[in-house]
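Morning, everyone. I have one structure to walk through today.

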Amino acid sequence: MGLQISEKNFKNRMSDGLQDDFMRGAVRDAQERLQTNRLKAADQLGNWEEWRSLGEEIRQHVLANLDYYLYQLSEQVSKRGGHVFFAQTAVEAQEYIKDVVGKKNGRKVVKSKSMVTEEISLNECLEEIGYDVVETDLGEYILQIDDHDPPSHIVAPALHKNKEQIRDVFTKKIGYTKSEKPEELAAYARKMLRKEFLSADIGITGCNFAIAESGSIGLVTNEGNARMVTTLPKTQITVMGMEKIVPTYEEFEVLVSLLTRSAVGQRLTSYVTALTGPREIGEIDGPEEFHLVIVDNGRSAILGTEFQPVLQCIRCAACINVCPVYRHIGGHSYGSIYPGPIGAVLTPLLGGYEEHKELPYASSLCGACTEACPVKIPLHELLHKHRQVIVEREGKAPISEKLMMKAFGLGAASSGLYGFGSKLASTAAKPFVKNKKIKKGPGPLKAWTEIRDFPAPNKERFRDWFKNHKEGVDHDGWNHSKS
């Protein structure tokens with residue numbers, strides 16, 4: 001799958017989202033529920049802003065000392081019998097994992113939910129060489145058996161499907177015969193997945209936070225599938241983005257509290273697990289062999305730039321759950337596995353402006369995302385910064401926009417041209433005006449006026465009104481200075 005999930009251009013993806021009434025309703029309901037739960041969970045702490053400031057401080061400290069903590073983490077993992085591989089690119093990560101899996105002569109891989117494995121197209125890579133890869137998170141499992149439908153949300157990947165659609169997928173793909181009741185659907189999925197856990201050779205997980213001081217891997221889940229993935233298979237592979245690290249368990253506790261409250265409005269999720277290396281003598285479960293794959297894939301290029309704060313992200317999706325643009329167009333419209341405001345900032349940095357230059361414009365810059373972020377990433381400011389870079393450094397603004405801004409610059413620089421243009425504006429706009437609004441604007445105004453009214457220019461310019469007002473002449477022609 002990779003970072004990019006669609007070959008369609010942004011305009012077509014957005015149009016598809018706007019026309020999907022069910023998806024928009026599902027997103028609206030989920031946003032309202034998740035946002036309400038988040039606010040309640042935050043209020044329970046009583047000092048939420050102090051927690052946010054602490055979370056921001058922890059993340060900034062780690063990024064400022066990332067080389068130190070990555071070295072400490074790798075040393076601790078190795079000391080406890082694990083293997084560490086630093087992958088500069090997605091391909092390097094794929095090749096290492098394929099080599100590990102190949103040496104085990106296994107054929108079945110079970111996975112817990114992981115955004116970074118989506119980012120590096122790990123499933124497709126393993127399937128191409130003959131391995132059976134099974135997603136065990138319920139949302140990801142639904143999408144996988146539904147012809148590898150991509151996720152539309154970081155925390156709730158199957159948000160865009162309802163229970164009737166899921167029932168139909170189960171009926172068609174895995175022999176389900178019961179109703180659309182969630183309890184029955186979940187019970188059947190559990191039954192099917194239990195067989196997969198018991199027959200798997202390799203378990204692959206993501207990583208919410210790695211704890212540098214102990215070499216432990218922290219996982220936060222609600223279904224318990226990650227514990228099965230890390231307990232039953234003899235070989236475990238954990239894949240993590242290089243920035244997903246904390247110094248000690250003390251910081252781990254802080255960030256988990258922020259994550260669970262911001263993501264789903266829980267004080268804690270059902271399972272908070274810290275795993276440290278392979279099974280030791282006397283332990284009754286856990287893998288016999290453990291591999292940690294630390295992925296760069298463009299992250300180091302963000303360090304030290306004005307965009308570095310985006311690496312503070314803890315993947316809670318709080319910004320997505322408050323975004324008005326996401327509410328209307330849905331996750332697939334972003335064309336990336338990272339949707340919403342965080343995706344609009346991160347995706348162009350990882351995937352380049354050539355394919356993703358429209359995403360920073362998929363925002364009203366209202367600032368709701370920044371206000372919701374539990375680690376205080378200034379998301380709306382970073383989106384604005386992207387727009388500056390796209391226009392000023394990259395020169396990727398549309399030709400129509402370049403010409404329009406150049407014409408405006410020339411006109412605004414000349415008082416004569418500006419005066420002439422402002423006089424002409426009302427007459428020029430007249431063919432497009434209805435009830436004092438421009439309903440179907442020409443050129444660059446077309447996209448705007450398709451969904452909004454644009455105020456028509458007044459017949460009387462401000463400078464004319466001011467001149468008349470200064471002379472004491474009212475609109476009714478009465479000169480008040482002589483009365």
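I'll start with Gln 312. Gln 312 sits in the loop that runs between strand 10, residues 289–295, and helix 13, residues 318–322. Keep in mind that this is a predicted model. Is Gln 312 buried or exposed? Its relative accessible area is 2%. The cut-off for buried is under 20%, so Gln 312 counts as buried.

What does Gln 312 contact, leaving aside neighbours within four places in sequence? Glu 56, Arg 59, Gln 60 and Leu 63 are on the list.

Now the nonpolar cores. The largest one holds 61 residues. Phe 209, Val 310, Tyr 334, Tyr 338 and Ile 342 have the most contacts inside it. Which helix gives the most to this core? Helix 12, residues 249–264, with seven residues. There is also a second, separate core of 20 residues. Ala 90, Val 133, Ile 202 and Ile 237 are among its members.

Back to Tyr 338. Residues up to four places away in sequence are not counted here. Tyr 338 touches Leu 3, Met 115, Val 116 and Ile 154, among others. Its contacts also include the charged residues Glu 119, Arg 299 and Arg 315. Those three turn up again: together with Glu 243, they are linked in a network of salt bridges.

That brings me to salt bridges in general. How many are there? The count comes to 21.

Pair one is Asp 132 with Lys 108. Their closest N and O atoms are 3.8 Å apart. Asp 132 lies in strand 3, residues 132–135, and Lys 108 in strand 2, residues 108–111, so the bridge ties together parts 24 residues apart in sequence. Asp 132 is partly exposed, at 37% relative accessibility. Lys 108 is buried, at 17%.

Pair two is Lys 161 with Asp 149. The N to O distance is 3.3 Å. Both residues lie in the loop between helix 8, 138–145, and helix 9, 163–174, and they are 12 residues apart. Lys 161 is buried, with a relative accessible area of 16%. Asp 149 counts as buried too, at 18%.

Asp 168 is partly exposed, at 43% relative accessibility. Arg 167 is also partly exposed, at 23%.

That's my tour. Over to you.

Notes
Residues are numbered from 1 along each chain as its sequence is written. This is a predicted model: local features need pLDDT of at least 70, side-chain atom pairs count only at pLDDT 80 or more; totals for chains, interfaces and linings use all residues. Side-chain values use heavy atoms; hydrogens and water are left out. A nonpolar core is a set of buried Ala, Val, Leu, Ile, Met, Phe, Trp, Tyr and Cys residues joined through side-chain atoms within 4.5 Å. Buried means under 20% relative accessible area, exposed over 50%, partly exposed in between (1.4 Å probe, protein chains only). Helices (H or I, at least four residues) and strands (E, at least two) are DSSP runs, numbered from the N terminus. Contact means heavy atoms within 4.5 Å. A salt bridge is a side-chain nitrogen of Lys or Arg within 4 Å of a carboxyl oxygen of Asp or Glu.
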